Each structure stands twice: as C-alpha cells, then as structure tokens.
Amino acid sequence: MRQWMVRLLSVGRRGARDRELDDELRFHVEQLAADYQRRGMSPAEARVAANRELGGVDRARQAWRDQRTWLPAEEFLHDARHAWRLLRRSPGSFVGAATILALAVSASVSVFAVVDAVLLAPLPYANPGRLVQVYERFMSARSSDASVAPGTFVEWTERARAFTALTAVDTRQINLTSGGEPRQVTAGAVSSGFAATVGIVPALGRSFADADFNPGSDSVVLLSHGLWRSRFGGKPNIVGMTMTADDRVLTVVGVMPERFLFPGPEIEAWIPMPVTAAIRANRGSHSLEVFARVRDGVAIDVAERDLQAVAGDLRREFPDSNAEWDVLLRPMRRALLGDTRVVLAAILGAVGFLLAVACANAAGLLLTSGLGRERELAIRSALGANRARVIRQMLTESLVLSSVAALAGVAIAWLVQPLLETLRPVDFLAWKPIAIDSRAALFAALAALVSGVAAGTLPAVLASRVRIAAVASQRSPGRGASRARFALVALEVGLSVLLAVAAVNLVRTLVRLTSVETGVDAEGVVTVSVSLPETRYADGARVTAFHQAALERMRQIAGVRAAGATVVMPFSGNTFVRPFAVTGLPVNSTRPEIAHYRIVTPGYFESMGIRLRAGRAFTSDDRADRPLSVIVNQAMRREVWGDANPLDASITFAGSATLIATVVGVVDDVRHFGPSAPAPIEMYWPAAQIDVAKSAALDRLRRNMTFVVKTGGDPLTVVPALRAAVRELDVDQPIAHVQTLASMLDRALWLSRASAWIVSLIGVSATLFALLGVFASASFAVSQRKREVAVRLALGAPPAVVSRGVVSNVLAAAALGAAMGSILAWPIARAIASQVPSIEPVDAWLTSSIGATMLIAAALSCWKPARRASRIDPIEALRVDG
Amino acid sequence: MLIINMSKPSKADVLQGTLDLLVLKTLDTLGPLHGYGIAQRILQLSHAALALNQGTLYPALLRLEQRGWVTSSIRTTENNRTARYYALTAAGRRQLRAEVEEWRRSVSIINRIIKATG
C-alpha cells in the first residue's frame with residue numbers, strides 16, 4: 001500500500017534522484033573496476049570486465065525507473081505532454097474543438113447546478129423520502145386533486161394507520177402591529193402533527209408541543225428565519241418575547257432554520273390550529289393542505305391504499321359531505337415542484353444533445369487532425385508501437401483536449417453563475433444556493449471524461465489502422481476514414497435537426513401561450529391584499545361594511561376607473577372547490593359536480609375586465625337578507641346546461657341543504673391556473689351573502705380579500721392613496737402584497753418562458769456547432785482529395801463536375817442526417833408533449849422544413865470549399881506532399 | 001514469499017524475495033553501506049556464488065526504501081568520494097526478523113519433503 005502511494009506520487013517527477021542514480025551506478029562500476037585493477041587487470045580491461053559483470057548501466061537504469069514509478073501512469077503523462085505539444089502546434093482545430101466543448105460543458109454544468117439545487121438536493125425535512133402531500137379527489141370530476149376538508153382531515157388522523165404523523169396547513173394573513181409599521185404576514189396555521197411531520201428542530205427555541213394546540217393556550221408563534229431577520233433584526237433573545245398579531249398577543253417559541261420552508265416559500269410564520277368542534281364538523285369546505293409522514297417500511301402506494309380505505313368508510317358514514325370523495329398521495333418533491341420537474345428534465349435532455357453535438361464536432365476535428373498525421377503514426381508503428389499504444393495515445397490527446405475544455409467550461413459557468421441566481425424567480429423552489437460548487441465541478445470532470453472518450457474513440461481506432469504501405473505510397477485516406485467522416489456529418493446534422501425542432505416548437509408554444517386570452521385585462525390594474533383580524537371583525541356585517549366603505553373611497557381616488565375585491569386571484573395557484581347540484585332545469589348529468597368558487601364584491605368583474613355574457617353582475621343589493629345569487633362562467637354553463645339557458649336555475653350545495661342560490665349571470669372564462677391550463681368550472685358568490693352559510697371557514701376567507709383596482713395610467717402611482725383610504729377606516733389596518741396584475745401574469749408564465757428561451761438558445765448553438773462541423777468536414781474532404789481533383793482537372797474534367805463530386809458526398813451525408821433527425825424528432829417530441837400538456841404537438845411540416853433548412857445550410861457551407869477545389873492548379877496540387 | 005526461478009539456473013540468479021533478506025541482513029550486520037559494498041559483501045559470503053547485477057540490486061534497494069525498510073542518504077566514503085549509503089530502519093529490522101523466521105520455516109519444510117521422498 002505504502003509502496004504504491006510512493007510510486008504514484010513519483011509519477012512524472014523526474015528529479016534529482018534520477019540524476020543521482022547515474023552517479024550511484026557509475027560509482028559502482030568504478031569501484032568494481034578499481035578492484036579488478038588491484039587484481040592486476042589494465043584499466044581498460046578492468047572497465048570492460050566491470051561493465052560486463054554488471055549487465056549494463058542502461059538496463060539497470062530502466063529497471064530502476066520501472067520500480068520507481070507506475071509505468072502506465074508514466075506513459076499517460078508522457079502522452080499527455082506529447083498531446084499538449086501537438087495541440088499547441090495546430091491551434092486552429094484545437095481552439096475550435098476546445099471552444100465548442102467548453103461552451104457545451106459550461107451550459108451543462110450550469111444546468112446541472114440548477115438541477116442539483118432543485119431535483120437532487122435533499123428537501124429541508126428529516127428523512128424527506130417518507131413525506132407525502134395528501135389530496136382529496138372528487139371522483140366524478142376531471143380535476144385531479146383538491147384541498148382537504150378540515151373534518152375529513154380530523155377523521156384521517158384518528159383512523160389511518162400507515163402514517164406516523166399527519167399535519168394540515170391553512171394559509172392565513174395576519175397583521176403584525178407591534179414593533180413598527182403594521183405589516184401583513186403570511187402565516188401557516190398548522191395542526192398538531194406539524195413537528196413530527198417535518199421532523200426539523202428549530203434554529204432557536206422549540207417547535208410546537210401538544211399543549212400549544214389546546215384552545216386557550218394556543219397564543220404562540222414560530223418564526224421563519226427570514227421574518228426573524230427582517231422584522232426582529234435577528235435578535236438572539238427573541239424566544240419568549242411577545243408580538244401583537246391580529247390584536248392577539250403571541251409568544252415566540254422558536255425560529256426555524258434558514259432554508260426551511262413549509263409548505264411554500266411565502267409562509268413567514270407558523271401558528272397552531274387547534275381542533276375545535278367547528279373544524280371537526282366541517283367536511284364541506286375543502287381548504288387545507290395536508291402533509292403526512294409515511295411509517296417506515298410502508299410503501300407509498302400501500303399507505304395510499306390504507307387512506308383510500310378510510311375514505312371509503314367516510315363515504316358510507318357521511319354520504320352528505322363525503323360521497324364521491326377519494327384520496328390521492330404524492331411524494332413531497334413532486335407535490336412541491338409540479339411542472340418544474342418536467343421542464344428541468346427537458347432542459348437537461350437538451351443540454352445532453354448539445355454535448356453530443358459538441359462531441360461529434362470535436363471528433364470531426366480530431367479525426368481531421370488525426371488523418372493529417374498519418375505519417376507520424378505510421379512511423380510510430382514502424383518503430384514498434386503496437387495498436388493499443390497508438391489508440392491510447394490518440395485517446396490521451398482527446399482527453400487533454402476535453403480537460404482543457406472542462407476547465408474553460410467551468411470557468412465560464414462560474415462567471416455566469418451570479419446570473420443564474422438573479423434570474424431565479426422568488427418563488428422558484430431550490431433547497432440550496434444555485435452555485436458552481438464541488439459537485440458541479442465533479443460533474444464537469446465526468447462530462448469531460450465522457451466527451452473526451454466519446455470524441456476520441458472513433459478517430460483513435462481509425463488512426464491505429466493506418467497502414468505503413470498506404471502512407472508510403474501516398475494514397476488518399478482509407479475507406480474507413482471517409483466512411484467515418486460521412487457518419488460524423490450525418491450524426492451532427494441529425495442531432496442538430498432534433499434540437500432545432502425542439503427549440504422551434506418550444507418557441508411556438510411560448511408565442512401561443514403569451515398570446516392566449518387569459519380572460520382578464522391586466523392593463524393598469526394593481527392589487528393589494530387587506531386582511532381583517534377576527535378579533536375586531538368577528539361580525540359579518542362589519543366586514544361587509546368595511547369592504548363597501550373601502551371600495552367607495554378607492555373609487556373616489558383620481559385615476560381609478562373601477563375597484564372590486566376577491567378572495568382568490570387568478571394565477572395565484574390557490575383555489576377553493578365545492579360540490580354542487582342543479583335543480584329545476586334540464587341538466588346534462590345527474591351526478592353531483594364540483595366547482596371552483598370565488599367570493600367577490602361588486603366591481604370585481606369590471607376592474608378585472610371580465611366580460612358579462614348574460615344576466616347581470618353583482619350589485620350592492622346582493623345582501624345577506626336577500627335571496628342568494630351566483631354568477632357562473634362559460635365553462636360551467638357549457639358543462640352543466642349545454643345550449644339551455646342557465647339564468648334563474650337553482651343551485652344547491654352538498655352538506656347544506658338549506659342553501660339554494662339562483663344563477664343571475666354568466667361571465668367569460670378566466671384561465672385561473674395560467675395560460676397553459678384550460679379554464680376550470682367556476683362560480684362567483686357575492687361576499688355580502690357569505691354570512692348566510694354560517695361557515696367559520698368561509699368567514700375567514702372573506703376577511704382576507706385582495707382588492708383589485710383598475711386605473712387609467714401607471715397603476716402603482718395610486719398605491720399611497722389606497723393605503724390612506726384603508727387607514728382612514730382603520731388605523732391599525734395594513735395593506736400588503738402590492739403588485740400589478742401584469743407582473744402576476746408574468747410570474748405565471750416565467751417557467752414556460754424561461755425554458756423556451758433556454759432550449760432555443762441551446763438549439764441555436766447546436767445548429768451553429770453542426771454547421772461549423774459540416775463546414776470543417778467539407779473543407780477537409782476537399783483538401784484530402786486534392787490529388788484526385790488535380791488529376792481529374794488535368795485530364796480535362798470540367799471544374800463544375802469536379803466540384804459537384806466533392807459536394808455530393810458531404811450533401812449525401814447531410815441529407816441522411818437530416819432525414820434521420822426529422823424522423824426521430826417525431827417520437828421524441830411526442831414523448832415530451834405527453835409529459836407537458838401545454839407543448840404543441842410536432843407536425844410534419846415543421847420537421848421537414850427544419851430538415852430542409854439544415855440541408856440548405858450544409859450545401860452553402862460546402863460551396864466555398866468546392867469552388868476552391870475546382871480552381872486547384874493541377875501542377876501545384878500534384879506537387880503537394882501528400 | 002519464496003519464488004524459485006527454476007527455468008534457467010545460473011550462479012547469478014538470486015532467488016527473488018530472498019534478495020530482500022540478503023540485503024537487509026547485510027545492512028543489519030555491517031551498518032550503513034553503499035550499493036557496491038552490499039554487492040561485494042554478498043559476493044564474498046556466498047564464495048562468489050551470488051553476483052548481483054546492477055539491474056537487480058538497485059531496483060531492489062529502491063523497493064526496500066519505498067516500503068520504508070531502509071533509508072538512504074548521500075555520504076562521503078573512506079577515500080573521499082560521495083556515494084549513496086543505505087541504512088536499516090526499525091521497520092526494516094522487524095521485517096528482517098520476520099523474513100529470517102519465514103526462511104527457516106520454508107527450509108525445514110522443504111528439507112522434510114526432500115527427506116521423505118528422497
């Protein structure tokens with residue numbers, strides 16, 4: 001072991017010890033000769049005898065060196081030095097190949113850094129592989145998942161056996177009034193399983209204990225690291241201090257660690273949610289996000305079946321509220337990431353393609369330089385280098401090339417790294433900083449090794465086949481070499497057609513997404529959220545009065561054209577659903593349906609630019625003491641009534657037989673889940689009538705409204721006036737989450753937009769690489785065939801015929817590649833489209849036109865070398881050496 | 001380990017593996033010594049039967065040094081020349097004892113076999 005360490009350490013170190021060995025050996029010979037002389041030999045005889053006796057200094061030196069280091073490593077180093085000298089001697093192709101590889105490596109390392117932070121880095125929970133999100137699923141509806149009803153959740157915690165802990169989260173806005181300006185904070189109200197589910201110890205203080213969930217002793221709060229820093233200056237003695245939120249005094253029990261998030265990055269604090277009788281009884285309003293830790297040794301799908309059995313029991317026991325409801329489990333990372341996973345995988349795939357194109361390119365250039373060196377290789381093999389040795393030397397050269405490229409690539413990636421972190425949107429989930437760290441560098445090394453071997457193998461094997469006789473007789477390069485060049489051109493063109501198809505298709509998808517009607521008019525619209533604390537606004541009439549007065553004041557502000565409010569904004573990712581039934585009118589289906597409901601005030605449709613299709617909008621007459629009215633969207637009208645008239649139809653709600661609402665209007669669809677998803681079935685309820693439902697959950701939702709204000713100009717200029725309007729009504733009332741509707745739309749689009757940009761960029765560079773490769777191959781093909789061309793020209797062949805001959809070979813290769821690429825693009829694009837539904841399907845027109853474009857580009861890149869070929873001076877060319 | 005090269009017996013062939021033993025023993029008996037001195041000593045004691053070739057001796061010395069059994073340093077000889085002297089380390093001394101023991105065991109086993117079959 002130790003011996004091997006010493007030997008490996010001395011690889012490539014030819015120092016004093018080697019020179020001293022010569023002295024040592026000489027000393028030995030001289031001593032022996034002196035000995036012989038003493039015994040009577042002449043000095044010359046003695047020297048000869050001593051040398052003979054000792055078997056030659058050279059052999060000894062060689063044997064000693066073999067012992068000193070590890071021979072293969074020593075040879076590798078020798079090859080590497082040789083390669084470095086060679087590559088430096090032909091800087092053109094070296095720099096070209098290294099640049100292309102470096103760009104490809106830097107792109108793939110950057111993508112790896114993102115993938116590492118998002119897909120590979122462990123989630124900030126103890127043993128995160130056991131965590132799942134639990135959804136309820138309405139069995140007869142197309143929508144796949146829904147939030148969980150509080151009462152149903154409580155039943156789960158008591159009946160399910162496959163979990164060690166379950167916790168429910170209700171996202172609320174609370175108003176912090178102590179310690180500075182009033183500020184609205186997004187809090188997660190969590191049930192008692194929180195600590196056991198996340199399994200993370202706070203950075204300061206403690207997590208929630210069971211006692212914190214008893215009604216009456218639940219005035220405690222856990223802070224996120226960010227809120228502790230921003231609002232409390234990172235005070236180390238924060239634990240035990242109190243703060244006033246929604247007029248309640250809360251005691252801080254702990255601060256969570258820095259990168260902890262649960263469930264989303266927007267949550268800044270956690271408060272306990274005690275299980276009250278009201279919560280236990282509420283199985284109708286689906287408002288909670290539920291997370292669970294699956295018991296060790298229980299597979300996720302087994303746990304799902306366990307909970308599905310519970311859901312089956314609940315369907316039988318509570319048919320009013322739980323009929324038609326099933327459950328669905330999703331691993332935590334999938335639940336948190338959604339589409340991001342697929343998009344990242346697609347980008348990773350694209351980068352892989354780019355690396356492949358770059359390798360094909362580098363292989364082409366190496367092949368080119370390798371063939372130019374036929375003579376050197378022939379001499380080497382004539383001098384006794386065996387085939388394996390030649391292959392090893394060539395591979396070493398490409399490894400040197402790819403190592404240089406990897407270093408440069410990591411350097412480039414490192415330079416653009418700050419860009420990655422700034423481009424990252426706030427709500428993009430990553431569990432560690434996106435950085436070019438040691439893992440990324442390791443990935444680069446691996447990529448370099450693989451690409452070096454991939455790029456070097458073909459040229460190396462071909463070069464090792466060089467026949468001495470062929471070189472000596474100055475024949476044109478062998479069949480194998482031209483076939484290999486043909487294959488490389490075809491490969492490069494094929495791969496870049498694939499990438500170009502993907503890129504063009506993504507851009508097309510993007511254009512469609514950005515031009516799609518979202519159903520709202522974002523021009524000049526600003527939104528602010530106002531969250532009324534339960535302590536001061538327990539009475540529904542007060543809430544309604546506040547909303548009416550605030551909207552009145554907002555409409556008075558100069559520049560404001562309309563104002564309204566809603567409980568849930570489109571594109572926010574949040575939604576609330578409710579099963580319903582329709583009576584009295586012809587109905588398509590007798591099964592209960594599920595609708596997404598929005599609680600809105602008068603003026604909402606006007607300020608969002610949502611057009612009324614039939615009937616009327618809400619007015620201030622839709623009060624708690626009047627008959628209940630609802631407005632439905634076009635999707636719901638189509639789904640429920642088909643061509644019949646929905647106005648005046650009656651709607652009832654599962655679990656509350658006394659509530660009967662009348663349809664008073666129909667409005668246009670809004671793409672609530674972003675431009676890429678179809679509009680859901682929606683109904684709108686007037687905020688002033690919510691009291692009738694007598695639901696604590698709905699009351700809480702209504703205290704938490706987002707005001708939507710439509711202005712004639714820059715919407716942000718009215719924000720101070722909006723804040724003042726709210727202050728005049730209630731001094732302690734902050735406004736929060738000020739943003740324009742346009743920026744919300746942008747955020748909803750960023751993922752598809754960013755990925756389309758990235759993939760197009762990759763596609764364009766791959767196409768450029770491929771063209772470069774085609775051009776290099778074409779020029780080289782011409783230069784290799786100089787003699788042939790010269791002979792044909794000398795024999796009187798017309799230049800046009802000659803150049804056609806040169807071009808046709810390269811074009812045939814390009815055509816083959818383009819055809820293969822176009823054909824293969826089809827199933828690959830289909831596979832991607834099946835994962836990301838918003839992506840357009842690929843059509844034959846697109847693939848064939850891209851294939852044709854690449855072919856034309858290849859023809860153009862051949863044109864110049866071909867012209868040069870036809871102008872070769874035969875005398876000059878025939879004199880050329882090789 | 002004992003490797004006996006049976007294919008080409010000659011007086012210059014030192015049994016590989018026993019060479020280490022011979023060198024270590026020489027250094028143990030005579031103290032620090034240069035390569036030439038080691039070769040001469042082995043030649044004398046073997047009554048000129050074991051002549052060490054340079055290509056065998058010096059790689060062997062290097063191997064012993066890499067294993068940490070000997071150290072080497074440049075010193076001045078009696079007749080005022082510089083030469084590399086090899087000296088036994090503590091680990092080398094332990095190794096020597098182990099190899100001598102191993103050698104004795106091997107010889108006695110082989111002797112028993114020779115007596116039994118001969």
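This is a predicted model: local features need pLDDT of at least 70, side-chain atom pairs count only at pLDDT 80 or more; totals for chains, interfaces and linings use all residues.
Most residues other than glycine have a negative phi, and most peptide bonds are trans. Against the latter background, a cis peptide bond is found between A:Phe262 and A:Pro263, with omega at about -15 degrees; A:Pro263 lies in the loop that runs between β7 and β8 of chain A.

When neighbours within four places in sequence are left aside, A:Ile610 is in contact with A:Gly519, A:Val520, A:Phe605, A:Val667, A:Asp668 and A:Val670. The C-alpha atoms of A:Ile610 and A:Thr518 are 9.8 Å apart in space, although 92 residues separate the two in sequence.

Taken as a whole, chain A contains 29 helices and 21 strands, and buried residues account for 44% of its 882 residues. Of the contacts in chain A between residues at least 6 apart in sequence, 83% connect residues at least 24 apart. The largest nonpolar core comprises 154 residues, and those with the most contacts inside it are A:Leu354, A:Ala362 and A:Leu499. Helix α6 (residues 91-120) of chain A contributes 17 residues, the largest share of this core, which also draws at least three residues from each of domain 2 (141-323) and domain 3 (340-515 + 748-879) of chain A. A second, separate core has 73 residues, among them A:Ala565, A:Phe571, A:Val632 and A:Val708. With neighbours within four places in sequence set aside, the contacts of A:Leu499 are A:Ala350, A:Phe353, A:Leu354, A:Ile762, A:Gly763, A:Ala766 and A:Thr767.

Strand β5 (residues 220-223) of chain A was examined for its side-chain directions and its partners. A:Val220 and A:Leu222 point one way from this strand, whereas A:Val221 and A:Leu223 point the other way, and all are buried. In a regular strand the side chains alternate between the two faces of the sheet. On the side of strand β7 (residues 248-255) of chain A, β5(A) is joined by 4 bridges in a parallel arrangement, and A:Val220 has A:Thr251 as its bridge partner in β7(A). With strand β8 (residues 269-272) of chain A, β5(A) pairs in the antiparallel sense over 2 bridges, A:Leu223 having A:Ala269 as its bridge partner in β8(A).

Chain B, of 118 residues, has 29% of them buried; it holds 4 helices and 3 strands, which follow the pattern α-β-α-α-β-β-α along the sequence. Of the contacts in chain B with a separation of 6 or more, 47% are between residues 24 or more positions apart. The 3 strands of chain B form an open sheet in the order β1-β3-β2, with antiparallel pairing. Because β1 (33-34) and β2 (70-76) of chain B each have a single partner strand, they stand at the edges, and one side of each is left without a neighbour in the sheet. Between β2(B) and strand β3 (residues 82-88) of chain B, 7 bridges are formed in the antiparallel sense, and B:Thr76 stands opposite B:Thr82 in β3(B). Helix α1 (residues 18-30) of chain B packs on the sheet and touches β1, β2 and β3 of chain B, its direction making about 95 degrees with that of β3(B). Helix α3 (residues 54-66) of chain B lies across β2 and β3 of chain B and runs at about 120 degrees to β2(B).

The contact between the chains takes 21 residues from chain A and 16 residues from chain B. On the side of chain A that touches chain B, at least two residues are supplied by each of α1 (2-9), α2 (16-38), α3 (43-54) and α4 (57-68) of chain A. By residue class, this side of chain A divides into 9 nonpolar, 5 polar and 7 charged residues.

Notes: Residues are numbered from 1 along each chain as its sequence is written. Chains are lettered from A and ligands numbered from 1 in the order in which they are written. A residue is buried if 20 or more other C-beta atoms lie within 10 Å of its own, exposed if 12 or fewer, and partly exposed in between; C-beta atoms are placed from the backbone. Two residues are in contact if their C-beta atoms, placed from the backbone, lie within 7 Å. A nonpolar core is a set of buried Ala, Val, Leu, Ile, Met, Phe, Trp, Tyr and Cys residues joined through C-beta atoms within 7 Å. Domain bounds come from an automatic or database domain assignment. Ala, Val, Leu, Ile, Met, Phe, Trp, Tyr, Cys and Pro count as nonpolar, Asp, Glu, Lys and Arg as charged, and the others, Gly among them, as polar. Two strands pair if DSSP finds at least two bridges between them. Axes are lines fitted to C-alpha atoms, for helices over the stretch in contact, and angles run from 0 to 180 degrees between N-to-C directions.
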